[in-house]
Each structure stands twice: as structure tokens, then as C-alpha cells.
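Please look over the structure shown below before reading the numbered remarks. They are written for a reader who is new to structural description.

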Amino acid sequence: QLQFVESGGGLVQPGGSLRLSCAASGFTLDDSTIGWFRQAPGKDREGISCITSRGGVIKYLDSVKGRFTTSRDNAKNTVYLQMNRLKPEDTAVYYCATRRDGFCSEYAPGYSTWGQGTQVTVSS
């Protein structure tokens, strides 16, 4: 069965860190670009990062650049989003997604397989 399972969300204080993971089973990630998205209450879904299949191209939303790091371990069929110096404005449901056309895009159309989402709450 094809599964793309997210984990690592939770409640953290401002300035803290979390690491999100997306693990694939039933298919491989080594030929896919991975996108990370988030959706806060009352706001549209926004792309925050993408990483191509070999990590050759990595992009970040300006508001997270320098704080968030996307990486992947294709041998483990897993991708990661390390989030440091978290701010209350980072509170959202976070999603991972894949696409196989080779593009690294911050736009949701074109991503075909999605994780279930995980809640990240940054609050004191």
C-alpha cells in the first residue's frame, strides 16, 4: 500500500525547535521533488520549501530562510524539515508532498502525493 506518513509536530515555545519527518512506504522518494507546505487558521496554504530528488536545488520561503532546513535521506525513504527559532507565526498544519516532474515549486498544483498533515503550535 502507498503511504506517506508525517510525524514530529507538536507544541513548542517560541525560540524552540521541531523536526518534521515524512516517511514513504510502498513507493520510493529518490525520483521525487519534495515540497513542504503549511496552512494557518484563516489563511491560504503556502509553500515553505522544496528540495529536488538529489538535493541539488533547495528553496525556502523568505520568512523561514535561515531558520528551517530541508533534507532527505533517500536510503531511508524519508525527508525532513528541521525548524529552529520557531515563532508564533509559524503555527500551522504542515504538509509534505511529492512531484515527479523535476520541478522545485512553492505552488501546490503539480504535487501529486500528500502527507496527512501535522499540527505545529508555537506558543508560550
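1. Basis of the note. The model is predicted, so local features need pLDDT of at least 70 and side-chain atom pairs count only at pLDDT 80 or more, while totals for chains, interfaces and linings use all residues. Residues are numbered from 1 along each chain as its sequence is written, and side-chain values use heavy atoms, with hydrogens and water left out.

2. Secondary structure. The protein has eleven strands and zero helices. Both terms refer to DSSP runs numbered from the N terminus: helices are H or I runs of at least four residues, and strands are E runs of at least two.

3. Overall dimensions. The C-alpha atoms fill a box of roughly 40 × 25 × 25 Å along the principal axes.

4. Burial and contacts. Of the 124 residues, 44% count as buried; buried means under 20% relative accessible area, exposed over 50%, and partly exposed in between (1.4 Å probe, protein chains only). Among contacts between residues at least 6 apart in sequence, 58% join residues at least 24 apart. A contact means heavy atoms within 4.5 Å.

5. Arg72. This residue lies in strand β7, residues 68-73. Is Arg72 buried or exposed? Arg72 is buried, because its relative accessible area is 16%. Leaving aside residues up to four places away in sequence, Arg72 touches several residues, including Leu29, Asp30, Ile51 and Val79. A polar atom of the Arg72 side chain lies 2.5 Å from the backbone oxygen of Leu29, and the side chain of Arg72 also makes a polar contact with the side chain of Asn74 at 2.9 Å. A polar contact is a pair of N or O atoms within 3.5 Å; within protein, one must be able to donate a hydrogen and the other to accept it, and residues adjacent in sequence count only if both atoms are side-chain atoms.

6. Arg67. This residue is found in the loop between β6 (58-60) and β7. Arg67 counts as buried because its relative accessible area is 4%. The side chain of Arg67 reaches the backbone oxygen of Ser63 at 2.9 Å. Beyond residues up to four places away in sequence, Arg67 touches, among others, Gln82, Leu86 and Asp90.
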